[in-house]
Amino acid sequence: MLKTVLISACIFMLINLLALIFIAPFIIYRILLVRTKAEKWQRKCSDVKDLEQIAMFREGEEWGERHRACREEVRIVNDGFRLAAQYFDFGCDRAAIIIAGRSESCLYSCYFAEPYRKMGFNLLLLDNRCHGLSEGKYNNVGFTEYADVLAWGRFLHDEKKNVSVICHGICIGAATALYALTDSECPDYMCALVADGMFTTFRDTFNNHLKKDGHIRFPTTLMVMSLISKHSHADAFHDGPINRIHKCRKPILFLYSREDKFSLPAEAERLYEKCTSRKKIVWFDRGAHSHVRINNMERYDSAICEFIAEENLSDGGKS
């Protein structure tokens, strides 16, 4: 009798353990990459416990308010989704698109806009697909969203009459921009990329997240990459910027922090070495992933301004 009870208890615990192991990754995927309700990833601060995140969001909001006379809410439809953005028309003949990472909206992207305004660019700040006021359910880590960037580029060129467009991407936004710029349909007027914390593959950066937080990588990574692949029809296990960077023919400025725990310095060096276009890398000693500018604002902005000047991309500058 006792033996039967022990066997039953062991089987019960094993079933629950297996359920936990395989259900947990699905829950993680839904938390990180699925807009499970309309209120998720709206135009608000994504982390009200992180003091730097709060400061960045508030400064972005303040920047937007200072220039509200130039601000316009704009919309396009692409791939069946109604997409939203804020366009700041400073009377220039070229523009920069700022593409934020996971869970962020156009209000956060305002935080990165000032060096472009100073250098003579109009600004388009995106609500990425399934973020802010844009439609969508799944964050496909750039594998599908890159087509939205191309559509916004056409909008800036055809409707707003900008002669050229720079992309500035942060984390997933940097990968998304790279996928757009290396696509066969990318027009010549989309002419450069500033990449803040671009990862080699999302699988690599996801594993780095799990390691930092003390979580097991198997089967979490296996299941999350499988779900991304299912919804994006891409190979999330192997594909990523490291596989596409050699196709880029546009100049790239890479911005990295040596304190980044998710896009590791060694991985950044691999990505930079594989890039065959005109390129420049600027290292910062301080700053967590996506928090480089707030720790090095003057140098961060100067790096962008110098890159624009060196590549002759500017409209002449605005004071």
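Trainee: Which residue does the side chain of E311 meet in a salt bridge?

Mentor: The side chain of E311 meets that of R278, at 2.9 Å from N to O. E311 lies in the segment after α12 and R278 in the loop between α10 (265–274) and β8 (279–284), so the pair ties together parts that are 33 residues apart in sequence. A salt bridge is a side-chain nitrogen of Lys or Arg within 4 Å of a carboxyl oxygen of Asp or Glu. Helices (H or I, at least four residues) and strands (E, at least two) are DSSP runs, numbered from the N terminus.

Trainee: What sort of model is this?

Mentor: This is a predicted model, in which local features need pLDDT of at least 70 and side-chain atom pairs count only at pLDDT 80 or more, while totals for chains, interfaces and linings use all residues. Residues are numbered from 1 along each chain as its sequence is written, and side-chain values use heavy atoms, without hydrogens and water.

Trainee: How many salt bridges does the structure hold?

Mentor: The structure holds 17 salt bridges. One of them joins R43 and D127, whose closest N and O atoms are 2.8 Å apart. This pair links distant parts of the chain, 84 residues apart: R43 is in the loop between α1 and α2 (51–66), and D127 is in strand β4 (residues 122–127).

Trainee: Are R43 and D127 buried or exposed?

Mentor: Both are buried, where buried means under 20% relative accessible area, exposed over 50%, and partly exposed in between (1.4 Å probe, protein chains only). R43 and D127 also belong to a network of salt bridges with E73 and R75.

Trainee: And what about E114 and R117?

Mentor: E114 and R117 form a salt bridge as well, with the closest N and O atoms 2.7 Å apart. They are separated by about one helical turn, because they are 3 residues apart in helix α4 (residues 114–118).

Trainee: Changing topic, how many residues are in the largest nonpolar core?

Mentor: The largest nonpolar core has 59 residues, and those with the most contacts inside it include Y116, I166 and F202. Helix α12 (residues 297–310) gives the largest share of this core, 6 residues. A nonpolar core is a set of buried Ala, Val, Leu, Ile, Met, Phe, Trp, Tyr and Cys residues joined through side-chain atoms within 4.5 Å.

Trainee: What does I166 contact, leaving aside neighbours within four places in sequence?

Mentor: Its contacts (heavy atoms within 4.5 Å) include A95, Y116, F121 and I308. Apart from this core lies another, of 40 residues, among them L150 and Y256.
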